[in-house]
Structure formats: C-alpha cells, structure tokens
Amino acid sequence: MSRILKIMVALLAIALIAVPAFAEDRLTLTGSYDIFGLYTNNTDFDDSVLDTASNFNQRFRLGGTIAVAEGVAIKFRADIAEGDFGDNPNAGNPAINFDDAYIQWDTDMLQVKAGMHYIALGKGIAVEDRSSGFTLLTKTAVPVQLTYHKEVEDAEILGIDKDSDVEIWQAQVSHKTDMYSTKVFVAYENNETVADMNQYVVGVSADFDLGAVLLTGEFDFFGGDAGANTDAKGLQLFLDASAPLNDTFTLGGMFFYAKGYDDADEDQLTHISDRNADWMPQEYGPNSTDFGFVVNIFDYVSDVANNAGLPGAPNIDANAGIIAGAVYVSAKVSDDLLLTGNVMYATPEEDGHLGGVDFDTTFVTLGSEYKLFANTTLASSIHYMDVADGDDAAIGAITYLSVKF
C-alpha cells in the first residue's frame, strides 16, 4: 500500500472515530454498501464466439456533510474498495475515489457550490456531469442556475504540452406549480483538445400531473462544430406517460426520437460532456442505471454496429438516430416487494448509410426489488436484447444487495 493511500485510509479512520467528538449538528454521514452479481451471454450477437461472463463486485460508498458555520458546509462523497471480487482493491484504481468534495454556502436568496460536485440540467439526459467548478442557484419564485465546470486542464496533445482545456458553461431557468414543473436550459462546451470543437445544446424538460396520468419528457437541440470539418448535429425527444391502474399496478409507455445523419461531415450529438451515470430507460426496472447492453439509447446503433454477429457492421458509420416505443408495468405486490416489466422496439431513424444491415431491435426486461430489512434491499433483473441481423439475442442478469445508512 502506497504512503499516500495509507495516509488517506488513516485520515478516514480518524474521521470515523472522531464522529462522537463532533457536536451532533456538525457532522452527518450517509452511505451504502453494495454487492453486485452479473451474468452476460452473447453480448456480441455472434453464436460462434464464446463470450459468457460472470462476476461479483462491491462498493462501499460514504458521504458526509460537515457544518462549518451558519449556512456554510463542506460536502463529500467517496467510493471505497470498489472492484470485482478477487481483485486487490488497493491495486490499480485508487482504493478511495472521491466523487464529490465541495463547499456549499446557503443564504435566504442564494446557494453557491464550489469544488467537485454533481450537476444536471433538465432530466440529466443531455447534460449531466460530476466535475470541478462553480454553481450559483437563486432561491426565487423562478430559480435561475448558472454553472461553470472544467472537464480538462492543460491537456497534452500529441505528446506536446499545451494549454488546452475543456470547459462547460451552463444556465437553467425553472418554474413549478402544483400541476407542472418545467426547466429551460442551455449548455456550451469549449473543447480545446480537438481542433475547432465547440458544441452546444438548448433544451426543455417538463413534468405534468394530470391527475390520472403523469407525463414527463425532454426535448434537446444540439449544434456547433464537432471538429475542423464536421458539424455537430442533434434533435431528440423523450416522452414518458404513466397511470396507476389501482393500488397495485402502474402502466406506462415511453417514446424516443432522435434524428439520424448520413453525411460524412455531420456527427450526431446526444449529450454534452460525459454522463455521470448511465441513462438506460430501455432497461426499465431496479437496475436501469447499473446494467444495459446499450448505454446511449439515442444513438443505439453505435453501441452494436461493430459487433461480430452483424454482417458488414464494422464498416458502418453510425449516427443513425432512433424511433422507438416501449410499454412498461410495475406491480407493488406488498409493502416489501415490487415487480417490473418492460418491452421496447427500436429502429434507426436514418438507415440509408447502414449497408443494408437490419438494426431493428427488441428489448425485454423483467425485474424485482425486495426489502429484506430496514434499509436493506435485494434487487434482481433479467435483460434480453435481440438485433434483427444478429445471430442470436444477448442475455444478461444482475442481482444486487444494497445496505444503506
């Protein structure tokens, strides 16, 4: 164990031991311990290649708030000893990996964050990030949020030291009533690590409570330059409507649209910056952010285009977009048990440049979530994905045990 790692572990241990020494209103700790079991088969859609895999992994997540003065706090969140069973958690990746570490200052009218913290605009579809910067939020009838985040500082390009940064500027205005809530936002990325890359998104998200039906959605428009000779393009829509049938069952449906592009000088953009967490609504259920054969549903062809089981696919330039619909159901069988199910069909919006390969795809997900004890949950799900021109469907299963405190 390195000296730095030993110091970090020692400081963490001291902090935990010293908890009783703090006044109860000075330090608050939260977190979880999670164990995941994962099984996958035929993820390349090719029966001739043996790719069955299974493993267990773990994660101890610790978060806390230290009250420094009235309205001023230090907040942090760290993942400890995260990795697969059988791996040495102290080798390779850091044994302690901080997600958040920032100062938060609150007044009657403002909230300011400075440091490494989470940020999402709208529903976190087009803009979601966890990096260092500043966020200012007004506590007014119509809240305004302004954010500056730095993704990369002084990147090295082609082995040459250069002052090349990646910066994201964001703004969002929100409004909320008893019937609806809406957010209008814009984000601009200045990426100096790629020649002439400047990209932006303008979007709006909304939630409507219509009594018998809950409606939610987001619309995003992207533009700018993806490089010296490439335009960044994007137009996408997500809608979700659900209605409780009775005290047990809820029925819902989702619609996805993203415009595809087949010109060589156009690049489909689906989000600004790297998402902090995977958004995989096609895997509806308890593990929809932890497992999926497709990570980027709005450009799903890109996730499967180079798999061996799809003839001619390695030569495909994706940017195909999507038109898709899904139907899902959840059943609260008891206070402790929730069952979920989802079926989704997707097809490319633009397929003229896909070389005749059929990417029409069916997703099926079945899940369950059971409350074993107070703050202790056992969740499992089975995932199926069938691409029309694949040899056979991909199958996956995940189970996780989560204990929260």
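**Close-up 1. Asn-42, a buried residue at 4% relative accessibility.** In this predicted model, Asn-42 sits in the loop that runs between strand S1 (27-41) and strand S2 (53-69). Take a look at its backbone too: phi is positive, about 60°, although Asn-42 is not a glycine.

**Close-up 2. Asn-375, an exposed residue with a positive phi.** Here the loop between strand S17 (361-373) and strand S18 (376-387) comes into view, with Asn-375 in it. Phi of Asn-375 is near 65°, and this residue is other than glycine. Is Asn-375 buried or exposed? Its relative accessibility is 52%, so Asn-375 counts as exposed, the cut-off being over 50%.

**Close-up 3. Phe-60 and Phe-405, one of the 12 aromatic pairs in the structure.** The two rings are tilted, with 6.4 Å centre to centre and 35° between the planes. Phe-60 belongs to strand S2, whereas Phe-405 lies in the segment after strand S19 (394-404), so the pair ties together parts that are 345 residues apart in sequence. Phe-60 is partly exposed at 26% relative accessibility, and Phe-405 is also partly exposed, with a relative accessible area of 48%.

**Close-up 4. Trp-279 and Phe-298, a stacked aromatic pair.** Their ring centres are 5.8 Å apart and the planes make an angle of 25°. Both residues lie in the loop between strand S14 (266-268) and helix H2 (300-304), and the pair therefore ties together parts that are 19 residues apart in sequence. Trp-279 is buried, with a relative accessible area of 17%, and Phe-298 is buried at 1%. Widen the view and you meet a cluster: ring pairs link Trp-279 and Phe-298 with Phe-238 and Phe-256.

Methods. Residues numbered from 1 in each chain as written. Predicted model: local features only at pLDDT ≥ 70, side-chain atom pairs only at ≥ 80, totals over all residues. Heavy atoms only, no water. Helix = DSSP H or I, 4+ residues; strand = E, 2+ residues; numbered from the N terminus. Buried < 20%, exposed > 50% of the residue type's maximum accessible area, 1.4 Å probe, protein only. Phe/Tyr/Trp six-rings, centres within 6.5 Å; stacked < 30°, edge-to-face > 60°.
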